[in-house]
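Please keep the sequence and the structure in view while reading.

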Amino acid sequence: MTKRCYYETLEVERDVDESGLKSAFRKLAMKWHPDKNPGDQSSEVRFKEINEAYEVLKDGQKRAAYDRFGHAAFEQGMGGGAHGFGAGFASSFSDIFEDLFGMAGQRSRGGRERGADLRYNMEITLEEAFQGKTAEIHIPVSVTCESCSGTGAKAGTRPKTCSMCGGAGRVRHAQGFFALERTCPGCQGRGQVIEDPCGGCAGSGRVTRDRTLSVNIPAGVEDGTRIRLAGEGEAGVRGGPSGDLYIFLSLASHELFQRDSADLHCRVPISMITAALGGEVEVPTIDKAKTKVKVPAGTQSGRRFRVASKGMPVLRSRQTGDMYVQVVVETPQNLTKRQKELLAEFEKLSSGDTQPEASGFFAKVKDFFGPRAGTA
C-alpha cells in the first residue's frame, strides 16, 4: 500500500516552519488520540501515522532526506527507527500530556495538596482609609480535621499505599504499539487509599469551621488594595500546606470628598456677594477638623484653591496629599420684592468693567455675525 505523504498526514505545507509543524502535530494528536476515541481502531492507525510523520519532519536531517528521497530514504534501515516507537516517541508526546490529562500529574505523592486561596471583599469608609484600622472578619473556611490530623483515616489507622500504582500515583497503560502513563484511577494520583475513613471529615482530612481573623488595614489604602494573609486560606488536603486569604478593599463613596490618589476634592458653594466682594469660607477636612480658605474679590464659579497637606496619607510613606476646594457661586433663589429691586438697580448701574468676561464674549459674537446684509 502506498504510504501517505508526511506533509499531507500532518496537514501542513512543505515550507512549514518548526512552530507551525509542532502546532499541527499537537492539534492532530489530541484529535486522534485513542483515549479520545475509545474502541475506534482507525484512530489508533491514524495516531500512529501522525507520530511517524512528526518524528521525521521535526528532525532537520531526516526532513532533508525525506524532502529529497521521500519514503525511500527510510527503507532498508535508512533513517534509524523512523517507523518505530523508539526513544523519540516519549519526547514527541511529552508536550501534549498536559493537554490530554490536565494537571493531575502535579499532585504530590501521599495526596498532600496545597489548600485553595480565598478571597474576602471588605468595604471601608474614606475616614477609615485615612486613619487606618484593625478589623475583625468572620469567614467559613476549611481547616484540618482534628480527629485524624488531616490524614483522612480513622483514628488508630493510616492510609495505605495504593496497590494499583504502588504509591506512584500514576500507572502505565498499554495501547496497541505504545504505552502511556496516566493518573492512577485507584487513588486519583495520591498514591494512597483510605480503607477506613475518618468519621469527622468523611476521609477528606478537612472540616468547615467559622473563623474570626484580625486584619490590620494601614492608613492610605486605596480602592482595590489587596491584603494577603499567608496561610489563612483553606487547609491543604491530607496535611498539605494551607492556601492564603486575600482581602480586597473597596472605598465607600463620601458625601463631602472625592478622592484622586492621595489628593482630595471638595465642592463648596459660596454666595455671589462673597464671590464679588471677597471673604473667607470655612471648609471641613478629612481629619474631622476645619480650615479657612480665603476667597479673593471677583472669584468666578469653578475656581479651585489648594490646601496643602490636607489630603490622604500615601501608603507606607510619610507623604500626604493635598485638598482642593472648588468654589461654586450659588445664584440666590426665592428673592423678596425688595431684593429683586436692588438687583435690578445693580444691573442698571453695571458696566462692562464689572463683567469683563460677558462683555468680551458678546463683543466676539458681534464680530462673528458681522454687519447685516443691505447695511453700509
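At 48% relative accessibility, Arg-14 counts as partly exposed, a class that lies between buried (under 20% relative accessible area) and exposed (over 50%), computed with a 1.4 Å probe on protein chains only. The model is predicted, so local features need pLDDT of at least 70 and side-chain atom pairs count only at pLDDT 80 or more, while totals for chains, interfaces and linings use all residues. Residues are numbered from 1 along each chain as its sequence is written, and side-chain values use heavy atoms, with hydrogens and water left out.

Arg-14 forms a salt bridge with Asp-67, their closest N and O atoms being 3.6 Å apart; the term requires a side-chain nitrogen of Lys or Arg within 4 Å of a carboxyl oxygen of Asp or Glu. Because Arg-14 lies in the loop between helix 1 and helix 2 and Asp-67 in helix 4 (residues 60–69), the pair ties together parts that are 53 residues apart in sequence. Helices here are DSSP runs of H or I with at least four residues, and strands are runs of E with at least two, numbered from the N terminus. Asp-67 is also partly exposed, at 41%.

Glu-11 pairs with Arg-46 at 3.7 Å between the closest N and O atoms, linking the loop between helix 1 and helix 2 to helix 3 across 35 residues. Glu-11 is exposed at 55%, whereas Arg-46 is buried at 11%. Glu-52 pairs with Lys-3, with 2.9 Å between the closest N and O atoms. This pair joins helix 3 to the segment before helix 1 (6–9), 49 residues apart. Glu-52 is buried at 8% relative accessibility, and Lys-3 is partly exposed at 38%. In the whole structure, a search finds 15 salt bridges.

Helix 3 also packs against helix 2. The axes of helix 2 (residues 18–32) and helix 3 (residues 41–57) come within 9 Å and cross at roughly 165°; axes are lines fitted to C-alpha atoms over the stretch in contact, with angles from 0 to 180 degrees between N-to-C directions. Helix 2 is therefore roughly antiparallel to helix 3, a label for angles over 145 degrees. Among the residues that meet are Phe-25 and Trp-32 of helix 2 and Phe-47 and Tyr-54 of helix 3, where contact means heavy atoms within 4.5 Å.

Note on methods: Parallel < 35°, antiparallel > 145°, perpendicular 65-115°, else oblique.
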